[in-house]
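Hi,

Here is the structure I promised to pass on. Have a look at it first, and then read my notes below.

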Amino acid sequence: DLFSSSLQLEQSLIETEANFVRHLSDYIKKENSRLNRLTRILNELKKSDYAVESLAKVDITERSNPIDAFLGIRRVIRSRSAVLDILFENVAEDILAFLIDAVKPQEEDLLGVTNSLLRLQDTYRLEAKDIANGMIGSFDKTTPMTSDDCFLIGKTAASITDYYHAMPWLSVAEEKMDTEAASGASIQRTFTRNDLYSNISHAMFAQGNVEHALWYIRKLRETDPSHPSASSFYEIWQSFKDSGRKWDGSWESLPPVSNPRPMDGVDVEYEALCRGEAVEKSASEKEKAKLFCFLQRNTPFQILAPMKVEIINHSPYMAIFRGLLIGNEADRFKAMASDKLKSQKSFLDNVSYRVVKTTAFKDSYDEIVARVSKRIGEVTSFSMESAESTSVANYGIGGHYGPHCDVAQPNDLFTNEHNPLSFNKTLQGDRLATVLFYLSTPKAGGATVFFELGVSVPPVKNDALFWFNIKKNGDGDFRSLHASCPVLLGQKWVANKWIHERGQEFRYPCDLSPDV
Ligand SMILES: O=C(O)CCC(=O)C(=O)O
Ligand SMILES: [Fe+2]
């Protein structure tokens, strides 16, 4: 798939659309030349004596000229082989190969991006109508969608019984169909008005709007009694009668539309944190007053260039290192990762859980990787000996990473995504702390959020976020449960450095208390 890395999707769209234009215009040129050559042969044949005579209905009983016969035979043989050659020319070979094998984005990407749009709509409280008009929140406006695009999104949602999302998209499709008709725009549609009514009626019914369902199915039945959905009229009518509700059948007296959101699996606090809103567990103003920032001068290097450290949570300790990356380091990491990004099959094997592609670099890969690892060691005072390779990730369109802890220890809170065998726990120990550095600043969205702490950190290029995953007694600290919010606009790139337990025995002494 492409949609799980926004970089790869953008690259492939640019490449594919440019190649599509080239292949199709080459092909049309070749077909034109074929037609021209055929026309030339045709015109010559038409001019031939025999053809002219046949058209003129000349009496041939007297006619027999050996020269004409010779020339006629030659002409037929030559034209036959010329036409056959042209007919058997395979001018479609290149474009067929392109269309069959080389056209990337595919249906799974369309489905992936559709899912992303619906997820963004929920998380950031966007209206289907605004998205359909090319608006992502209050950000830049782009090309509006057509009724056909909106219908496809609504129908895709309905096909997985997601009527909550289907409803607004189908009604936008209806509105757009009306405005398109009024403006005389010629829109290619993959559906008829009655297909739309059938879908709206179904979704209305599923969301408890039986009168509206009846209204739409009645319109469908009146105009096309042979439509496959026309017979649902009787079921809906029966349901309406059974409900004992009152409605006189007019548009004016329809009750307001209800469209309840299924709350199963929805984390309201997560969505609020993603929008940057405070939640119950967020620090109060009084607690916030205890947070501070300072200039760190731990090492000779830092005496020259002190690190700006912002403590954002005391227990467990969390801090932001402002400007940990310098110069073009962030861009170099992205460039190094660009052609290596691979999608990570999640442990839960659930595509929608993690829409991101990653790759990892050992310190020996490039001087810059070693340099940044060394700097992390300096600012955190931890040994980097047992740390993992630096992993770089590019999120997809609307890409996110569901709630998880970075430790490999199993726990009851949730199914841990990290494969316990992915690093050698006995040699390196578990992931003591995470340093997450931001390689880009997305235009909107993509915050890193901590559910138990009510903390939301918006990504800022070159900054690094530090937190502990393990308590001093060695148990996993599940207050570190975190997630990456869906990216709303722009690209989100991060890199992870996981610091392990081994080698930190003197730098981070153990404690038997289970609470630190
Ligand atoms: O990208 C983020 O904000 C969080 C990434 C993360 O939690 C991880 O890669 O383990
Ligand atoms: Fe994580």
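**What I found**

The shell of residues around ligand 1 divides into three nonpolar, four polar and one charged. For those classes, Ala, Val, Leu, Ile, Met, Phe, Trp, Tyr, Cys and Pro count as nonpolar, Asp, Glu, Lys and Arg as charged, and the others, Gly among them, as polar.

Before going on, please keep in mind that this is a predicted model: local features need pLDDT of at least 70, side-chain atom pairs count only at pLDDT 80 or more, and totals for chains, interfaces and linings use all residues. Residues are numbered from 1 along each chain as its sequence is written, while chains are lettered from A and ligands numbered from 1 in the order in which they are written.

Back to the ligand. Which residues surround ligand 1? They are Tyr 401, Asp 406, Leu 436, Thr 448, His 482, Ser 484, Val 494 and Asn 496, where being near a molecule takes a C-beta atom, placed from the backbone, within 6 Å of it. Strand E13 (482–484) and strand E15 (493–500) are the elements that give two or more residues to this shell. Helices (H or I, at least four residues) and strands (E, at least two) are DSSP runs, numbered from the N terminus.

Strand E13 turns up again in an open sheet of four strands, in the order E7-E13-E10-E11 with antiparallel pairing. Strands pair here if DSSP finds at least two bridges between them. At the edges are strand E7 (401–404) and strand E11 (455–457), each of which pairs on one side only. From one strand to the next, the twist averages 10°, using axes that are lines fitted to C-alpha atoms (for helices over the stretch in contact) and angles that run from 0 to 180 degrees between N-to-C directions. E7 and E13 are joined by two bridges in the antiparallel sense. Tyr 401 has Ser 484 in E13 as its bridge partner, and both residues are also in the shell around ligand 1.

Strand E4 (residues 342–343) runs antiparallel to strand E5 (residues 356–361), with two bridges between them; Lys 342 has Thr 358 as its partner in E5. E5 also runs antiparallel to E6, this time with six bridges, and Lys 357 is partnered there by Asn 394 in E6.

Ser 315 and Pro 316 are joined by a cis peptide bond, with omega about 0°; Pro 316 is in the loop between strand E2 (307–313) and strand E3 (318–322). Thr 161 has a positive phi, near 55°, although it is not a glycine, and its place is in the loop between helix H7 (147–159) and helix H8 (163–183). Buried or exposed: which is Thr 161? Thr 161 counts as exposed because it has 12 C-beta neighbours inside 10 Å; the cut-offs are 20 or more other C-beta atoms within 10 Å for buried, 12 or fewer for exposed, and partly exposed in between, with C-beta atoms placed from the backbone. Ser 381, also not a glycine, has phi near 60° and is found in the loop between helix H16 (367–380) and strand E6 (390–395).

Finally, the domains. The assignment, which is an automatic or database one, gives domain 1 (6–102), domain 2 (107–243) and domain 3 (268–500). The C-alpha centres of domain 2 and domain 3 lie 40 Å apart. Between these two, 12 residues of domain 2 are in contact (C-beta atoms, placed from the backbone, within 7 Å) with 14 residues of domain 3. The touching side of domain 2 has six nonpolar, four polar and two charged residues.

Cheers
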